[in-house]
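User: Please go through some strand pairing and ring contacts in this structure.

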Amino acid sequence: MATTAEIVARCQDIFDDLDFTVARQWKAAVPGRKVVGFMPVYVPRELIHAAGMLPVGIFGGGDSLEVIHGDAYYQSYICRIPRSTIELGVTHRLDFVDGMLFPFVCDVIRNLSGIWKLMFPNVYTRFFDTPQNFRKDIGGKYYTHELQELRDGLENLAGRKITDDDLRRSIAAYNENRRVIRDVYKFRIDRPWQAPTSEVYLLMRAGMVLPVEEHTRMMRDYLAAAKAENRPMRDNTRIVITGSFCEQPPLNLIKSIEMSGCYVVDDDYMLVNRWLMEDVPLDGDPLERLSDAFLEHSVETACKYVDTEAKKGRFLVDSVRRARAEGVIFAAPSFCDPALLDRPMLQHRLAEAGIPYIAFKYAENSGQMQPIREQAGTFADSIKLWSEAS
Amino acid sequence: MSAQEAVKEPSMLKQKEMIARNYDLLTSTRETGRKVASTFVPGNLNELLMCFGILNNLPEINAIQNGMRKLSGGYIMDAEKAGHSEDVCTYVKADIGLMSKGAIAPNGKPFSAPDVLLLSYTGCFTFMKWFELLREQYKCPTLMLHVPYEGDGKWTLNMRDYIVKQLKEEVIPMLEQVSGVKFDIDLLRQYLRNSAKAEDNLVWVLDQGKRTPSPIDAYFGGVYYIGPIFTAFRGTQDAVEYYEMLRKEIQERIDKGQGPLTPDGTDFANQKYRIVVEGPPNWTNFREFWKMFYDEGAVVVASSYTKVGGMYDYDGFRHDPEHPLESLAEYCLGCYTNRNLPTRIDVLQKYMEDFNADGLLINSIKSCNSFSAGQLMIMREIEKRTGKPGAFIETDLVDPRYFSAANVKNRLESYFQMIDQKRQGARVAAE
């Protein structure tokens, strides 16, 4: 049985590889295979998979990519993920990608879809819209139709039909993947010292590149290995990270938060892999089932409308309760409209619930971790002190 | 009149009176019992609100008013002190700050709290969060009208039907409930007829920028031209009359061979540079900004900002009383920032060519990603396609901290010199 160290080492290799060698190898293994890239936060990967193509998450360039060309496309007051994504494109690191999907996140990602169309006219490029109306007969009808348009586009790209049975098989594969992800997250809630977030994060990032079946196996192996190992339990503070759903923090930032005395027991990194919180039923029309799942069982995040004031922030408060967390860290990328506009409202809900929080901003290439470590460390210590006093 | 006060043409005075009357209505609902909706400029459904007798209060316009009256800077800092990020839209923070200070309207009276928030989600992500923030404050019913983005450069029937269904099944029933007034589609048709008349005249006015000299300034003057149709007056008889009046004024200027009127009251006929501008203006230093142009002899012949609350020239859209709800949906879909980046470039290229412009100037707004993200790509493409020089300046909407007059002036002067050099180069090449 592989050890956690061995599995994490493989994930780290995949994470570090900005040439996406794993995806290139997958494509090269069988003539005619195609790859579809997608940006945060959510696309229904089932449709890409059902067309026999590989969905690959493009989450920017991280802290190891030197952005030279990308900066020429964006002003200083725009976040970093679009510029590093363009850098990946113009340096031919994405030349194996046959299609790119830009989901409903914010105006920056939305407009990047247009830039992509102009810069890479031979790539199938689509702004993928999701409904902000959650009535089945209104938003659901619209979304099912959008899914059908995406299906048509992917069929053209793949050069084959996507049958309902293809889709059901893919939904089953992703249902299974999501179940195991929930197991990993549950395991981390129960024993965070056995599944550090720096490892869980890399494990999830690997799933942005690997075929879903392989990723599911990898997570199972990790869980088995993590359960079998004994690691020392520390007197850390249990916290939830929120605001990091699009541009990703550097891995060192995730490690720094843990090193400062925090156990991260829930987060919103790479939400695509757990956007749908329940299994998608395999009966009936698969597009309608995907649509229903989006409307009824998807996570709350800043890039989704919350239709009543009573619901606003409840998801985060519930997440804190469910994960038995003692505090929340708002960690948002600089200039991130969704996360930063949402933050005051969520903070009000936390304050009402008596949940402490702190906030800071980062960029995917942030290098100085000492201030983060001090801030998170002070936060963790203060929670411990308050707890003792109470 | 003080030395600092702008010279007004009759249409401007009429507009000023219309705006003042609307603020009086918005601040007297306790006495009148009228209902108020807060809503946005892009995707503004004024005709529909009028069917229910609901007044229209536009937070962006309040922010602009407070920017021009030098109040927004303080409001923004108040909002930041209350926990709002320095990185986000300054319209939002100016609005939040305004609320924290008692929500005083330009007439000195407090705004009435809205009875309903009509979130017409059109072309700007921030709108969604802005209305969640307002909902938290006012705790009133909130209607979300989701207008899909034209990612492929065109709207589809699925998009239009989605909007119409939201209008029929959610927006209209809620407005009936809030107002106690039953929806009358024939009344909507009547208002839409008025809209189309005003739109015809607005398009005629904006089209006159093609003339040399241009009798209009399509950016600094343009923001006045679009005032009524982008705000609380589209569909009203007042707006119809305003645009008839404006058209006559412009015709008179054409007949006399005049350019637009500057705020100093001078005729701006000595036009050396014809510029297309992309992006919203800065409002905190609006007059100073304008002066930098006419002092150098630069007239704006076309702009994208005058299309943000409705695009009537590019593909000829008009509100259509025969298809009222479909027409409202198509209007929302077609607003400038709801169109994808390649379409925005096509629009600007057309303006450059049709209006015989010397160059494209982009005023990139620090806190408006809807406009700003991708503008450097726009500039490159326009330069490539037209061979005309582009220039890029950076300011903000209503945050005075981000208007650096010396930097902007320097950049503009260099740009106009660049245009001169290009012209000289072209002349030499032709000889």
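This is a predicted model: local features need pLDDT of at least 70, side-chain atom pairs count only at pLDDT 80 or more; totals for chains, interfaces and linings use all residues.

User: How many of the residues of strand 3 of chain B are buried?
Analyst: Side chains in a regular strand alternate between the two faces of the sheet. Here Val116(B), Leu118(B) and Ser120(B) point one way, while Leu117(B), Leu119(B) and Tyr121(B) point the other way, and all are buried. Strand 3 (residues 116-121) of chain B is therefore largely enclosed by the rest of the structure, with buried residues numbering 6 of the 6.

User: How many residues apart in sequence are the parts that the pair of Tyr42(A) and Trp275(A) ties together?
Analyst: The two rings are stacked, at 5.2 Å centre to centre and 15° between the planes. Tyr42(A) lies in the loop between strand 1 and helix 3 of chain A, and Trp275(A) in the loop between strand 6 and helix 11 of chain A, so the parts tied together are apart in sequence by 233 residues.

User: Is the pair of Tyr351(B) and Phe355(B) stacked or edge-to-face?
Analyst: Both residues, Tyr351(B) and Phe355(B), are buried. Their ring centres are 5.8 Å apart and the planes stand at 85°. Planes over 60 degrees apart count as edge-to-face, so the pair of Tyr351(B) and Phe355(B) is edge-to-face.

Conventions:
Residues are numbered from 1 along each chain as its sequence is written. Chains are lettered from A and ligands numbered from 1 in the order in which they are written. Side-chain values use heavy atoms; hydrogens and water are left out. Buried means under 20% relative accessible area, exposed over 50%, partly exposed in between (1.4 Å probe, protein chains only). Helices (H or I, at least four residues) and strands (E, at least two) are DSSP runs, numbered from the N terminus. Rings of Phe, Tyr and Trp (its six-membered ring) pair if their centres lie within 6.5 Å; planes under 30 degrees apart count as stacked, over 60 as edge-to-face and the rest as tilted.
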